[in-house]
Structures are given as C-alpha cells and as structure tokens.
Amino acid sequence: MEKSLKYALALGLSLMTLTGTYSVNAASKKQTTDTTDTTTKTGADKPAATVISSTDIDEQLPYHLSGGQVYSSTDLTDTFGNWKKFANTTWYSVRNVKMDRSSQGSGNSLFTEIQSGNKKYTAWVWHGYLQPITQGKFDIAAKNSELFANKKIVTLGDSITHGYDGSTNLENGTYPQWLQRYLNTSVDNLGYNGAFMASESTEGDFTPVVKKTNFADYDVATIAYGTNDYGHSRYTLDAIKEVMLDNIHEMKRENKKLIIYGILPITRYDNDINSDDITGRGNYTMNELRDMLSEVYQSEDIPVLDWRNDAKQLITDSNRTYRLFDERLHPSARTYQMMGKEIANFMIENYPESAKETVPADKSQSKTKTTTAGKVKANSKKKASSKSKTKTTTTTKAKSKTTNKK
C-alpha cells in the first residue's frame with residue numbers, strides 16, 4: 001500500500017511538471033505571435049543612428065529608387081524592404097536629413113525623407129539612391145500604352161505645359177515627362193512660359209511654334225493654350241477662333257496622319273477668386289473661352305480633354321491651395337503627375353480607330369526606350385527657309401499689350 005501511494009505521488013508531480021512546461025511554451029508562442037512587426041529587422045542588436053539636422057523641401061519632387069534599403073524610421077535599424085520591392089513606386093521628397101551613423105560604423109550621411117505617391121509609406125533612404133523619374137528603369141506604362149509604341153509626341157502649350165510651378169521651371173516632373181512614362185514613348189516639350197493661342201508676342205505662342213515646327217517629324221501632337229489669352233489679352237473669342245483654325249489646318253497640311261489632341265485650360269484663381277464665370281480682358285469668361293475652344297476642336301474631329309468633365313476633382317475651390325503650388329494657377333509637382341496620368345489615359349481612350357491598324361501586334365516589341373526628352377531641340381525642328389506661309393490673320397489684327405504673363 002505504501003509503495004502504491006509513493007508511485008501515485010511521483011506520477012502526479014511528473015504530470016504537473018509537464019503541464020507547466022506546456023503552458024509556458026504556449027504562452028511564449030502566443031507572445032511571439034502578438035508582437036510580430038511589419039518591418040524587417042536589419043539586426044537585433046544594431047545600434048541606432050541619430051539625426052544631426054533636417055531641412056524641409058519646398059517643392060516635393062518625384063523620384064524612383066535605384067538601390068538601397070527603405071528605412072522605416074530615422075534610427076536606420078528597421079526597413080520596409082529593399083528598393084526592388086518598390087521598383088514601380090513614385091516617391092516624393094519631403095526633407096533632407098543629416099544623419100550621424102558613427103554607432104553603425106559609418107560617418108555622417110545625407111538621407112532624404114520620402115513619401116510614396118499614394119501616401120501609404122513614409123520612409124528614409126540615402127539620397128544617392130533617389131533617381132529622377134525621367135531616368136533609369138521605371139516602368140509604369142499604362143494599360144494599352146502600346147498604341148503609342150514608336151510614336152513621337154510633341155506637346156504645345158504655355159507655362160503649364162512647360163512645367164512652371166509659379167516659382168521655378170521643374171526639370172523633373174512636368175506632365176509631358178509623365179506622358180513619356182505612362183505612354184512608354186518619347187515626348188518633345190515645346191511649352192513656353194507666357195504663351196498665347198492668339199498672339200505673336202513671344203516665340204512660344206501657337207502661331208510662331210507652328211511656323212518653326214516640322215510636324216512631319218511627329219506622329220502625335222497635343223495643344224494646350226488659352227489661360228494667358230483669358231488673363232492677359234484683349235483678343236476676342238472670334239479672333240482666337242480664327243487663329244486657332246489657321247494653325248490646326250497648317251498642322252494637318254504638313255502631316256495628314258498627325259494625331260492631334262486638344263487640352264483645355266485648368267481653372268485659375270486671380271485675386272483668390274475662381275475665374276470660371278468672371279469676365280476677363282477680352283470680354284469673356286473662362287468657361288466661355290473653354291466652350292469655344294472645345295467647339296473648335298470638335299469641329300476638326302480632334303478629341304478634347306475638358307477638365308470640367310473628365311477630371312472634375314483635379315482642381316477645386318477646396319483643394320487648390322495644395323494642388324496649385326502658387327495657389328493661383330500653376331500646379332505642384334504632385335498635381336503634374338495627376339495631370340500626366342489623366343492626359344495619358346485620355347489619349348489612349350481616344351486613340352483613332354484608323355490608326356490602330358499600324359499598332360504592332362506583339363506587345364513585347366512595342367516598348368521603346370524612354371529618353372530625357374522634354375527640351376526643345378530647336379535646330380532639328382527648323383523648317384526650310386524656302387517654305388512659304390501665308391498667315392494674315394494675326395498680323396491684320398491690332399496686337400494687344402500684354403502684362404504679367406505666366
């Protein structure tokens with residue numbers, strides 16, 4: 001009896017020990033699961049870097065990554081992954097940060113705080129890994145962009161086409177540069193600050209540009225003038241219409257297969273007032289100008305992008321303080337990307353049926369290497385001096401004085 005009792009006691013202690021061990025292991029496993037992090041540990045005991053100084057970036061410009069780790073904090077210990085995970089992500093620079101990495105075996109380094117285009121990620125990368133969106137491997141071509149494979153595009157317009165933000169001319173992030181990426185082809189940007197539809201006061205006005213550009217060298221052209229005519233000219237709507245038709249007809253004469261797209265002006269806010277229904281110098285409102293431009297494009301069988309209908313939320317009274325960099329007229333770099341995407345999709349959706357038969361069937365052969373085009377190659381675009389032109393419309397009308405052109 002005594003022997004049996006000792007055996008039972010020993011068995012009970014063993015079971016208690018096993019049960020306790022199982023409970024501890026289960027609790028430990030649960031704790032490990034509950035503390036799982038979405039970031040990647042670059043080293044459990046890796047010492048943290050420290051911030052020496054930081055400087056905010058005024059105009060947040062677009063980039064893509066060419067290498068390195070995408071750190072999730074200024075400690076530079078944990079990451080969201082390496083650059084390949086974000087190969088097709090657009091990043092905008094937020095601030096430059098000088099880091100002390102002596103505890104990590106390095107000296108001082110310059111990092112940039114960046115934010116993904118969709119604002120999902122805020123991260124830090126070594127500044128040398130940021131590459132302009134016009135350079136390197138950055139394939140964000142839109143669906144059906146093969147329609148524009150091997151086609152040369154030229155963009156005509158004013159400061160908004162040129163890429164002015166109200167303070168400086170952007171070298172990285174104009175909407176023609178985004179067209180290069182979204183349409184996966186080459187684009188020459190002939191946009192000019194202060195340009196008019198109906199004037200010859202600057203070399204970038206519609207008439208002078210048509211005179212000096214050989215449209216036989218291009219497959220596609222976009223036209224985007226009008227805001228300066230409204231804001232700074234006394235030409236009437238009838239005068240603008242006549243000049244507009246003359247130039248469109250000339251473009252078509254030079255290249256019967258030229259695909260043309262019209263782009264209407266975005267809303268402007270002179271004196272902090274929405275200009276849509278305000279009468280300007282030429283005795284018409286911005287909406288009346290846009291209606292006329294749209295009618296002319298349609299009469300010439302030219303697809304026209306009307307921001308009032310095709311992208312209603314691009315610029316509104318409530319978002320213009322951050323969508324327009326100068327809060328008046330000129331878009332920010334982020335808005336230029338939105339414009340580029342909208343224009344690219346519009347061009348794809350309105351690609352003429354008659355031209356589709358020339359599109360390569362094999363999509364793998366349709367991609368062309370994008371370039372850093374976007375600067376005017378004046379020498380290659382000059383027409384032969386012997387070519388005669390008869391343009392009397394703008395010269396027979398009194399030229400208006402223009403001021404404060406943008």
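Okay, let's start with a crossing: α3 and α10 cross in a right-handed way, where right-handed means the near helix is turned clockwise from the far one by less than a right angle, and left-handed means anticlockwise. Quick caveats: this is a predicted model, where local features need pLDDT of at least 70, side-chain atom pairs count only at pLDDT 80 or more, and totals for chains, interfaces and linings use all residues. Numbering runs from 1 along each chain as its sequence is written, and side-chain values use heavy atoms, with hydrogens and water left out.

Back to that pair. Helix α3 is residues 175–183 and helix α10 is residues 333–349; their axes are 8 Å apart, at an angle of about 50 degrees. That makes α3 oblique to α10; under 35 degrees counts as roughly parallel, over 145 as roughly antiparallel, 65 to 115 as roughly perpendicular, and the rest as oblique. Axes here are lines fitted to C-alpha atoms, for helices over the stretch in contact, with angles from 0 to 180 degrees between N-to-C directions. Helices are DSSP runs of H or I, at least four residues, numbered from the N terminus.

Who touches whom? From α3 we have Y175, W178, L179, Y182 and L183, and they meet α10 residues including Y336, M339, I343 and M347, contact being heavy atoms within 4.5 Å. By class, that contact has 11 nonpolar, two polar and one charged residues. For the classes, Ala, Val, Leu, Ile, Met, Phe, Trp, Tyr, Cys and Pro are nonpolar, Asp, Glu, Lys and Arg are charged, and the others, Gly among them, are polar.

Now α6 (237–254) and α7 (286–299): these axes come within 10 Å and cross at roughly 30 degrees, so α6 is roughly parallel to α7. This crossing is right-handed. On the α6 side, the contact uses L237, I240, K241, M244, L245 and I248; on the α7 side, E288, L289, M292, L293, V296 and Y297. Split by class, that's 10 nonpolar, no polar and two charged.

Helix α10 comes up again at the largest pocket, supplying seven residues, the largest share of its lining. On a 1 Å grid over the protein atoms alone, a pocket is an open set with protein on both sides within 12 Å along at least five of seven lines, a cavity is a set of points where a 1.4 Å probe fits but cannot get out, and lining residues have an atom within 4 Å of a point. The pocket's volume is about 570 Å³, volume being the space filled by probe spheres set on the points, which are joined across faces, edges and corners. Of its 26 lining residues, Y92, G117, R334, T335 and M338 lie nearest the centre.

Technical notes:
Helices (H or I, at least four residues) and strands (E, at least two) are DSSP runs, numbered from the N terminus.
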